[in-house]
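Me: Please take me through the pockets, the cavity and the ligand site of this model. Keep the answers brisk.

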Amino acid sequence: MSETAQPTAAPQRARAEIDLAALRANVRALRAKAPGAAFMAVVKADGYGHGAVACARAAVEAGAGWIGTATPEEALALRAGAGLPADVRIMCWLWTPGGPWREAIEADLDVSVSGMWALREAVEGARLAGRSARVQLKADTGLGRNGCQPADWPELVTEALRAEREGLVRITGLWSHFACADEPGHPSVAAQLARFREMLAYAEERGVRPEVRHIANSPATLTLPETHFDLVRPGIAMYGVSPSPELGSAADLGLRPVMTLAASLALVKHVPGGHGVSYGHHYTTPGETTLGLVPLGYADGVPRHASGTGPVLIGGKWRTVAGRIAMDQFVVDLGGDEPGPGEEAVLFGPGDRGEPTAEDWAQAAGTIAYEIVTRIGSRVPRVYVDETIETSETSETNATNATNVATGPAG
Ligand SMILES: *Cc1c(COP(=O)(O)O)cnc(C)c1O
């Protein structure tokens, strides 16, 4: 397969437009929900597919003082390459033995520790770096994933305090994560909150003086003010996607979707009735019709589970994926309409032009909208709209409506 180089910088096949003004507005809306708390913008997994660098910058512009990632590698890349102010704190929480502790401590990251092996490695990293590590102790208050079990908490707290007295560690935070904050009224929320308060009290009674105590993800930030403590950690809501249909749509929550995924129709053709469409012939044209070819497939993150169900806006009408979604392309039945090749096909966006949303695709594929946006592949260029921070090389440009076309993977 060969692709002709495009004469212009504008990508012709497909693009994920990233509306950074929407992201900033979402950050402001979320901060207004938690006015007493600091704000950590979670940009793991390349900013949930939106591009970690641009999203971290935009979130900081809108008042985020903290950036959160899963892996230390993600955090180190942001510290080195995002041009964030030095006083913006960056925290990462998914460590494995042998991880880059020394580099993380030298880069002034806040590192999360869930158990004794990690505390030992953080302390050793601090010795090698010749400076103290900013350590946040993570409690498993009921999620049953990462974090320290209540039974193991006394040992972890005691040893962290010992390392703090030796000047090798500064315990900057105590924190946890919810299992069911997106299910209104779920009893585990109150149970986790009670457990969190007990584990905080234990640590504080023994002398831990954390800068921040935090447990709230997007749904908790939006709907559970009693969970806000000193800092909130929203991810998905910042990207304008509802954490769950039970909590309402993005618009219900005062959020605006940041990503619009669109492609240019690669082909429009007439076919007779009874014509099988795409692998396996799971769709057959019910009569003479026109078919449109959308040049996006599961390699681009369009879920194959949405074969036969995924919605697309073309020429003002919703169409449905006809037959199987292939690696690079899928087909829609245009019902006799004849849009020209190159006509825009919008898979999802904010919805105000009548297009489907990421939540619609999640429903079509039997998944959550988090997965829809996060899996959009690196072959789809991210096109940033309303980027306001200049790149370090150009000091004179600071256009508020600049469109920056990234041709490689986002970030
Ligand atoms: C991903 C993540 C978040 C953000 O969760 P959302 O539901 O996207 O708001 C917060 N904290 C931790 C530990 C996470 O892994």
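Reply: First, the terms. On a 1 Å grid over the protein atoms alone, a pocket is an open set of points with protein on both sides within 12 Å along at least five of seven lines; a cavity is a set where a 1.4 Å probe fits but cannot get out; lining residues have an atom within 4 Å of a point. Grid points are joined across faces, edges and corners, and a volume is the space filled by probe spheres set on the points. The model is predicted: local features need pLDDT of at least 70, side-chain atom pairs count only at pLDDT 80 or more, and totals for chains, interfaces and linings use all residues. Residues are numbered from 1 along each chain as its sequence is written, and side-chain values use heavy atoms, without hydrogens and water.

Me: What is the volume of the second largest pocket?
Reply: Its lining has 19 residues, and S278, L293, Q329, F330 and V331 are the closest to the centre. By class, the lining divides into 11 nonpolar, 5 polar and 3 charged residues (Asp, Glu, Lys and Arg count as charged; Ala, Val, Leu, Ile, Met, Phe, Trp, Tyr, Cys and Pro as nonpolar; the others, Gly among them, as polar). The volume of the second largest pocket is about 340 Å³.

Me: Which pocket does the ligand take up?
Reply: A molecule sits in a pocket if more than half of its atoms lie within 2 Å of the pocket's grid points. The largest pocket has a volume of about 490 Å³. Of its 23 lining residues, K44, R145, H177, N217 and Y370 are the closest to its centre. The space taken by the ligand is the largest pocket.

Me: Which residue has a side-chain N or O atom 2.6 Å from a ligand oxygen?
Reply: The ligand is surrounded by 13 residues (a heavy atom within 4 Å), with K44, Y48, S218, I236 and Y370 the closest. The side-chain N or O atom at 2.6 Å belongs to K44.

Me: What is the volume of the largest cavity?
Reply: The structure holds 1 cavity of 30 Å³ or more. Residues lining the largest cavity include Y239, P257, M259, F348 and V373. Its lining divides into 8 nonpolar, 3 polar and 1 charged. The volume of the largest cavity is about 50 Å³.

Conventions:
Polar contact = N/O pair within 3.5 Å; in protein donor to acceptor, adjacent residues only side chain to side chain.
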